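Subject: Structure handover and findings

Dear colleague,

Please find below the structure that I am handing over to you. I would be grateful if you could read the notes that follow it alongside the coordinates.

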Amino acid sequence: MRIDIVTIFPEFFSVLDVSLLGKARQSGLIDVAVHDLRDHTHDRHRTVDDTPYGGGAGMVMKPEPWGEAIDSILGDGGDAETETTVVFPSPAGELFTQATARELATARHLVFGCGRYEGIDQRVFEHTATRARVRLLSLGDYVLNGGEVATMAMIEAITRLVPGMVGNPESLVEESHEEGLLEYPSYTKPASWRGLEVPPVLLSGNHAAIAAWRYEQRVERTRRVRPELLPPPALD
């Protein structure tokens, strides 16, 4: 998988060199390139923003540097690049979910555009959509200072689903949000700690009973913490 990131803070993504992501880059499983949006400006102040048409608070990111940055990544082709998806993190976008992560994990090429200030000129999205798939995605119902944090979260959620990324792929099967449920509680040694005991079923060696207990725990935790994820019959 190839990932390109456009940002005015390229140093933010130094974290990509650590942990599983760093190992995946070193092995060639994932190819990541970070691009400084300001490299596509042509004034001495390297300006990437301007006042919004129609008035209002804040500044809006200009279309010219974004257009050049995306051109440099996608090339000169005029037809839609069906193998490329361009993601713009945005509080105005659709909700990024585990299903979204699974979908994007199958892409060969992802581009992330990290907005700042009051956002990016709308024409950038519209023009980019003539050349690639465009997704505006939101982590949740809150606003961040910019797209960098959201991009990093999305990259981690997506890439860990790429085959070969996680050492034991079975660990991905029963995680939170798989099958619409949250993950069951986990325990390890010792069996007794500060007066708290591991549930006896986990010590029984009865794998069918353990599987049933874990499923019940997933449903109960989801009902208690995120009931909106459950279909109506499961709430009864």
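The notes below go from the whole chain to single elements and residues.

Please bear in mind that this is a predicted model.

Overall picture

The protein has 236 residues, of which 39% are buried. Its secondary structure consists of seven helices and nine strands. Among contacts between residues at least 6 apart in sequence, 75% join residues that are at least 24 apart.

Helix H1

Helix H1 spans residues 19-27, and its buried residues are Leu21, Gly22 and Ala24. These residues lie on the same side of H1 because they cover an arc of only 160° around the axis. The face turned away from that buried side carries the exposed residues Ser19, Lys23, Gln26 and Ser27. What do the buried residues of H1 pack against? Their partner is helix H5, residues 147-159. Just after H1, Gly28 adopts a positive phi of about 85°.

Asp4 in strand E1

Asp4 is part of strand E1, which runs over residues 2-7. Is this acidic residue, Asp4, buried or exposed? Asp4 has a relative accessible area of 2%; the cut-off for a buried residue is under 20%, and therefore Asp4 counts as buried. Its side chain makes a polar contact of 2.7 Å with the side chain of Arg2. Leaving aside neighbours within four places in sequence, Asp4 is in contact with Ala33, His35, Ile73, His109, Leu110, Val111 and Phe112.

Backbone points to check

- The peptide bond from Lys189 to Pro190 is cis, with omega near 5°. Pro190 belongs to the loop between H5 and strand E8 (192-193).
- Tyr117 has a positive phi of about 60°, although it is not a glycine. This residue is found in the loop between strand E6 (109-113) and helix H4 (122-128). Tyr117 is partly exposed, at a relative accessible area of 39%.
- Arg194, also not a glycine, has a positive phi of about 50°. Arg194 lies in the loop between E8 and strand E9 (196-197). Its relative accessibility is 73%, so Arg194 counts as exposed.

Leu74 and Thr128

Leu74 is found in helix H2, residues 63-74. With 11% relative accessibility, Leu74 counts as buried. How far apart in space are Leu74 and Thr128? The C-alpha to C-alpha distance is 9.6 Å, while the two residues are 54 apart in sequence.

Yours sincerely

How values were computed: Residues numbered from 1 in each chain as written. Predicted model: local features only at pLDDT ≥ 70, side-chain atom pairs only at ≥ 80, totals over all residues. Heavy atoms only, no water. Buried < 20%, exposed > 50% of the residue type's maximum accessible area, 1.4 Å probe, protein only. Helix = DSSP H or I, 4+ residues; strand = E, 2+ residues; numbered from the N terminus. Arc of directions from axis to C-beta. Contact = heavy atoms within 4.5 Å. Polar contact = N/O pair within 3.5 Å; in protein donor to acceptor, adjacent residues only side chain to side chain.
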